[in-house]
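I opened this notebook to record what I looked up in one structure. The entries follow the order of my reading.

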There are 2 protein chains.
Amino acid sequence: MNIRLFFTPAGIGDEQINGRTAVVIDILRATTVAAVALDNGAREIIPAANLGDATSIREKLDRSTVQLGGEREGRKVEGFDLGNSPFEYDREAVENKTVILATTNGSAAILKGGEAKHCLSCAFVNLTATLDKILKIGNDVSIICAGNKGGFSLEDALCGGMLVDKLLAADNAVELDNDAAFVAQGLYHKHRENLEDALHKSDHGKYLDNLGFAKDITFCAQEDHLTICPVWQSGRLTLQE
Amino acid sequence: MNIRLFFTPAGIGDEQINGRTAVVIDILRATTVAAVALDNGAREIIPAANLGDATSIREKLDRSTVQLGGEREGRKVEGFDLGNSPFEYDREAVENKTVILATTNGSAAILKGGEAKHCLSCAFVNLTATLDKILKIGNDVSIICAGNKGGFSLEDALCGGMLVDKLLAADNAVELDNDAAFVAQGLYHKHRENLEDALHKSDHGKYLDNLGFAKDITFCAQEDHLTICPVWQSGRLTLQE
């Protein structure tokens, strides 16, 4: 099993994902939110590339069964039902609902991953569930970190590195195939004793802290809080096989 | 002095470079070539965004005073005078010549850096000369790694991390301002005892090795082989202030 990792979706060509399992990571906070929402009974999550797409998708659906969520600059968008905090995606808000998710970095990363043969949504909160799914599928893997506005994000790289580390431990046939996969594993080794602290000190962690979302960061740092893995299917993330 | 680092030019907005000193790094091999060519007497280096631009620029100049250099997939381009090996840019080839340089990653990174207030071209071969120039200018710094086709390159991150490390050692007022700057410094600490080995084992190092350019990699890993720093001025790199 061949593993590549990308710190951002920028520049990922078809040859990097064709026939492979893409694993998308946006710790703060889109893929954490995706796991939480589906665990709380959301029917599906449709990522929207931008705000215009998000409202267009909503117009085509039964309004009573939809929650429109997302953020710009970390804040809830005017006219949206929900922001991008995992605490907003509780059972009351999302059970049996379609969630349309328009976030700055995560949505684009999921859509890029959706071009691969398989696509999974991963966060610290569902890392082992994602690992199990990757091993069950058995294809080569392209880990896509969402990053931040085209640039590197520490928290996504740490989760990617943790996944790399656990894949290597789980399967003797795993081999790392690009510089970034090795670097991410090394970063994880450096910070694994204090991941939550690293998240709080990251660029985006500090930004969210300033907006009053410190408890989101603590939540997003929890390893294996959930046992589900969102899977891409026909333009949406669901828990169905 | 505030320091940011970017693993690729993708996603660098104006706010990341306005009023700052951009330092562009493409170890294998564009910024190494730039330093070598100017040290060997080239009058100036004009980076070209693509092959079409490169030939257009040549057509406007006196053919006898121009060397057209660069690569695609690491190889010299048909019809070009020179490839992208530092050994080709010797005094006989470049003295008193204008070099037009069209490389896959480095040229675009230099052009991006050229949008900043100041722009310097850095490699291991001229690291201390670049450091001195940065300190003399005194502005905040944006280190732009060229990366490879929009993705991360170990060798550029290592040189960026070395520059970060030496800036911190040189000036108490230096502060790191993004995740990538810290990560690059950590990478440098991890590999500083065997930088040449890390370059040979990097994705692009292995690729160039397969093409027969192993000695280029060894050359590009030499710290402070040269004492000059190419400076951006009106669309070209020169040694003039």
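**Basis.** I note that the model is predicted: local features need pLDDT of at least 70, side-chain atom pairs count only at pLDDT 80 or more, and totals for chains, interfaces and linings use all residues. Residues are numbered from 1 along each chain as its sequence is written, while chains are lettered from A and ligands numbered from 1 in the order in which they are written.

**Symmetry.** I looked up how chain A superposes on chain B: a rotation of 180° with 0.0 Å of shift along its axis does so, with RMSD 0.0 Å (least squares on the C-alpha atoms of residues with pLDDT of at least 70 in both). The two copies are thus related as by a two-fold rotation axis. In chain A, the residue closest to this axis is A:A10, with its C-alpha at 3.5 Å.

**Helix α5 of chain B.** Helices here are DSSP runs of H or I with at least four residues, and strands are runs of E with at least two, numbered from the N terminus. Just after α5(B), B:G138 has a positive phi of about 85°.

**Backbone angles.** Most residues other than glycine have a negative phi, and most peptide bonds are trans. I recorded a cis bond from A:L28 to A:R29, with omega near 15°. A:R29 sits in the loop between β2 and α1 of chain A. A:E73, not a glycine, has a positive phi near 55°, and A:E73 is exposed, with 8 other C-beta atoms within 10 Å.

Methods. Buried ≥ 20, exposed ≤ 12 C-beta atoms within 10 Å, placed from the backbone.
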